[in-house]
Amino acid sequence: MLTRLRRSYAELLTSGAQLTLLFIGVQVGTLDGWLISLCLIVCLSFIAWLSVLKRLRAMRGTPTSRIVSAAQGYVELTGKGRSYGDTPYFSTLSRLPCLWHRYLIEERNSKNEWRTVDKGESSEPFLLDDGSGVCVVDPAGAEILTMHKETWREAQFRYTEWKLIPIDNLYVLGEFRTEGGSSSHFDSRAELNALLATWKLDMPALHARFDLDKNGELDMQEWLLARQAAKREVAKKKTAVHAQPDRHFIVQPRDGKLFLLSNISPDKLSRRYLFWAWAHLLFFFAALGGIGWVLQQAWL
């Protein structure tokens, strides 16, 4: 639910919602109607301007990293998208290979209005490869902007599908994490205690290994030998864990920062946000001027 609200809000930032409110004001035609419409435009424009500016600053203020050397935390990555695993993933409507897709099915009723019949979105992870390494992308919670949008009609139904496809150059802004390998947390003390506790469950085997004088008990020296053997096994396990390859992930930031995923180039995205920042600012001041004019007319 929160993801849908976030995406709807993001789409509102680059929409003509202010023009719709202006049209409503024209249709109502009264001073009160104009005042309400213009006040809503002022509020909407200011909030949208702040949000677009936040996105623009996040993009421009985060340098592009390479996967192999990316720091843990908020990063910007670019690279080629490819499927996760050997089995390709197919979109719901067109049944074409893709990395991610969203779809909408609408039906036209007797009033010539479109009614949503079904909609959905994939959440399967995919890979980002920038040549230096590979990163798993979890698209859950992301604002996804794509150039691939198809709409077609069959009888009274209209189908719309958005996709990211394997040949896309992708831009990702999100939280980078590395798991496994050298980044794995290994608590040697806890592992040692757990191993010794396991050995104590089978005392005959423990005595067979470390009761050197065969008196049925482990003295201090024999117990020290057991601990040394356990430490060697824990050290081997630690070496094996750290020898595993690192796995990199980029996911929705936990601190609420922008999580953006797109096949549009960063330069084009930046120009788009800059355009809408100025557009919302223009709507804001124009609506303020309109409110002043309406109030002046009301006082005459």
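Modeller: The charged end of R209 is placed over the ring of W199, at 4.7 Å from its centre. A charge sits over a ring if NZ of Lys or CZ of Arg is within 6 Å of the ring centre and within 35 degrees of the ring normal. This is a predicted model, where local features need pLDDT of at least 70, side-chain atom pairs count only at pLDDT 80 or more, and totals for chains, interfaces and linings use all residues. Residues are numbered from 1 along each chain as its sequence is written, and side-chain values use heavy atoms, with hydrogens and water left out.

Biologist: What lies over the face of W114?

Modeller: R158 does, 4.3 Å from the ring centre.

Biologist: OK, ring pairs. How many aromatic pairs are there?

Modeller: The count is 6, where rings of Phe, Tyr and Trp (its six-membered ring) pair if their centres lie within 6.5 Å; planes under 30 degrees apart count as stacked, over 60 as edge-to-face and the rest as tilted. For F46 and W49, the centres are 6.2 Å apart and the planes are at 35°, so that pair is tilted.

Biologist: Where do F46 and W49 lie?

Modeller: Both are in helix 3 (residues 31-60), 3 residues apart, about one turn of the helix. Helices (H or I, at least four residues) and strands (E, at least two) are DSSP runs, numbered from the N terminus.

Biologist: And F46, how is F46 paired with F284?

Modeller: Their ring centres are 5.8 Å apart with the planes at 40°, so this pair is tilted. It links distant parts of the chain, with F46 in helix 3 and F284 in helix 7 (residues 266-299), 238 residues apart.

Biologist: Is F284 buried or exposed?

Modeller: F284 is buried, at 17% relative accessible area. Buried means under 20%, exposed over 50%, and partly exposed in between (1.4 Å probe, protein chains only). F46 is partly exposed at 40%, and W49 is partly exposed at 22%.

Biologist: Which residues form the aromatic cluster with F46?

Modeller: W49, F284 and F285 form one cluster with F46.
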